[in-house]
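Subject: Handover of a protein model

Dear colleague,

Please find below the structure that I am passing on to you. I would be grateful if you kept it open while reading the notes that come after it.

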Amino acid sequence: MCGIVGYTGNKYAVPIIIDGLKRLEYRGYDSAGVAVHERNAIKIVRAVGKLRNLIEKTANLKASGTSGIGHTRWATHGKPSEVNAHPHKAGSIVLVHNGIIENYGELKARLIKKGVIFESETDTEVIAQLINFYFQETKDLFSAIIRSIKDLRGSFACAVLNEKEPDKIYLMKYESPLVIGLGDRENFFASDMPALLPYTNRIVFLKDGEIAVLTDKTYKIFDFSGNEVKREPEIMNISISQAEKGGYPHFMLKEIFEQPEAFINTVRTRLHPDKGEIVLDELNYKISERFSSIHIVACGTSYHAGLLGRIFLEELAEMPVYVEIASEFRYKKNFFNKDTLYLFISQSGSTADTLAALKKCKEAGMGTLAICNVLGSSISLEADNTIYTHAGPEIGVASTKAFSTQVSVLLLLALKIAGEKNLLKRKEIKKYINDMLSLPRLMEEALKSSENIKDIAKKFHKYTNFLYLGRGLSYPLAMEGALKLKEISYIHAEAYAAGEMKHGPIALIDENMPTFLINPESPHFEKTLSNMQEVLARGGKIIALASNNDSTTKNYTDYIIYIPHINTYLDTLLTIIPLQLFAYYCAVLKGTDVDQPRNLAKSVTVE
Ligand code: F6R
């Protein structure tokens, strides 16, 4: 839930580390710190609050050492405070950590008994003290790290400096992300690639259970037993502008507008219009031959993508699908079935609950598949197979383009299985493929309604409660629209299947409870229209989302957002755009921190 970054080379380290922390701030932003080697000592500076506080405090450190580490924190153990901020020091060891140590209480008690004195309330300081404790015995930091890892239970991506070894940075990774960037007589590491892209695109992915030792000219990787592992760097063709705001006021807005590109990057190479075939190279088997049902597990926005996926898979591929929230799945009694494919959806690939659910399935011997956006992430490495979404880095905390690419992959899966089972003829799949190829143009058209949406947001952003209603495919979209509004504008919003209104929620309707009604062309159109009239009859105000060939809805409300219509399944990728934009403009008008909403962090790598 935090971001770590570091540098060793021939340039001053602090400006490079601060620059990396800026790109990682989305991972946590309640405190931050840096540590840099300076004349046989390590200078540590930490500050509570946003990164700008640390930047002010490090102004006179710009021209200090050429090797150091940094951290941006999202508090788990111990409140946000300077003493709880990283880096943590123990003897000559200085350490930053992303993750959570589950047995830290037990380890802390053990170390206290041995006379170790703790400064902070964090689980991280336990790792630093533990390594230092073994270091006293072994006099060798590498061996001390290996000894310590054996005692740790939980997840960690750590970087360790030693006052006595100014030329080295030690890294250790288990279930939290960590990548190395290779430069020319300089090396880098970070929790995520965007922090490294301004400096290098030669990336080495560390795997769970690995330690790395970086110097300015070398990198060595070892397993947790100390055996060396050889790994070549990969050249990543992700441009830095992909990871920056590109002229937009917020990452979220940029990422909403990137959806046509993200969609085409995700589907292009997988569509074979000539053959009328969907090709998913990541799958070396036919799902329909091995499995008769699918169980989707995910959290938050990825869960909503899974709910849409269920409808695609059930209707197109006639596959029974069950969808579950990972935090529930991981602790409940599961009735595992070898005929079921367990499918995990995660943008970050490091969500703790989803990862734990995946491990539970693997331990039970189930077949697993992941849909992930972050390359080399824990979930993608753990699953039997992974289909990547290619949305590019998503920096805004509220997920947008990751969602639409997840939905796209789920549609590809449904079409592929439908083809395997001969439920759709090549000609029909060809038609879907051609529709997909024209979708980016229609997404651009949907994005053009942003001014209209901004005007509607001006009229509605002061309300404190909202209902979102939809049927069929529009119900998961209502859930996602409501989540977007809640998380960035802090307006309370509830989503209901429109048919459920009469079973309770209709009692809420009055002039202070606006309803966002999602009703593009679909077999449910007439029924949802009736729900709209029920709301209006009770004095409720309606914002309606309709297909641009709909001439009825305008008779009932002045607040309409039109989207193009292509086919009911692909329309979901058009419908989501106004829902994201409406939440975005409400948040901007309310003056909230759109890219870093309060209490949230991008990757929820802890429970
Ligand atoms: C909401 C949002 C979260 C994530 C959830 C799962 O905008 O971003 O609800 O969708 O935390 O994250 P991933 O997909 O990384 O597993």
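Predicted model: local features only at pLDDT ≥ 70, side-chain atom pairs only at ≥ 80, totals over all residues.

Overall form

The protein has 607 residues and a radius of gyration of 25 Å, which agrees with the value near 25 Å for a compact globule of that length. Along the principal axes, its C-alpha atoms fill a box of roughly 75 × 55 × 45 Å. The secondary structure consists of 18 helices and 27 strands. Of the 607 residues, 63% are buried. Among contacts with a separation of 6 or more, 71% are between residues 24 or more positions apart. The accessible surface is about 23,000 Å², and carbon and sulfur atoms account for 49% of that area.

The sheet that contains S18 to S22

Five strands form an open sheet with parallel pairing, in the order S19-S18-S20-S21-S22. Strands S19 (321–325) and S22 (385–388) stand at the edges with a single partner strand each, so one side of each has no neighbour in the sheet. From one strand to the next, the twist averages 20°.

Strand S21 (residues 367–372) pairs with S22 in the parallel sense over four bridges. Within this pair, Ile 371 has Ile 387 of S22 as its bridge partner. Helix H9 (residues 300–317) lies across strand S18 (293–298), S19 and strand S20 (340–346), and runs at about 175° to S19.

The sheet that contains S23 to S27

A further open sheet of five strands has the order S24-S23-S25-S26-S27, again with parallel pairing. Its edge strands, S24 (492–497) and S27 (559–563), each pair on one side only. The twist averages 20° from one strand to the next.

Strand S23 (residues 465–470) and strand S25 (residues 515–518) are paired in the parallel sense over three bridges. Leu 467 stands opposite Thr 515 in S25. Helix H18 (residues 568–590) packs on this sheet, where it touches S23, S25, strand S26 (542–547) and S27; the direction of H18 makes about 140° with that of S27.

Helix H3

Which residues of helix H3 (residues 104–113) are buried? They are Leu 107, Lys 108 and Leu 111. These residues cover an arc of only 100° around the axis, and therefore lie on the same side of H3. Glu 106 and Lys 113, on the other side of H3, are exposed. The cover over the buried residues of H3 includes strand S6 (93–101), helix H4 (124–138) and helix H5 (141–151). Just after H3, Gly 115 takes a positive phi of about 100°.

Loop residues

- Asn 60 is in the loop between helix H2 (51–57) and strand S4 (67–73). Its relative accessible area is 70%, so Asn 60 is exposed. Asn 60 and Val 14 are 46 residues apart in sequence, while their C-alpha atoms are 10.0 Å apart in space.
- Pro 87 is in the loop between S4 and strand S5 (88–90). The peptide bond that joins His 86 and Pro 87 is cis, with omega at about 0°.
- His 390 is in the loop between S22 and helix H13 (401–420). Its phi is near 55°, a positive value in a residue other than glycine. With a relative accessible area of 37%, His 390 is partly exposed.
- Asn 422 lies in the loop between H13 and helix H14 (426–447). The phi of Asn 422 is near 60°, which is likewise positive in a residue other than glycine. Asn 422 counts as exposed, because its relative accessibility is 54% and the cut-off for an exposed residue is over 50%.

With kind regards

Key:
Residues numbered from 1 in each chain as written. Heavy atoms only, no water. Pairing = 2+ DSSP bridges. Helix = DSSP H or I, 4+ residues; strand = E, 2+ residues; numbered from the N terminus. Axes fitted to C-alpha atoms, helices over the stretch in contact; angles between N-to-C directions. Contact = heavy atoms within 4.5 Å. Rg over C-alpha atoms; globule rule 2.2 N^0.38 Å. Buried < 20%, exposed > 50% of the residue type's maximum accessible area, 1.4 Å probe, protein only. Areas by Shrake-Rupley, 256 points an atom, 1.4 Å probe, with all protein chains shown as cover. Arc of directions from axis to C-beta.
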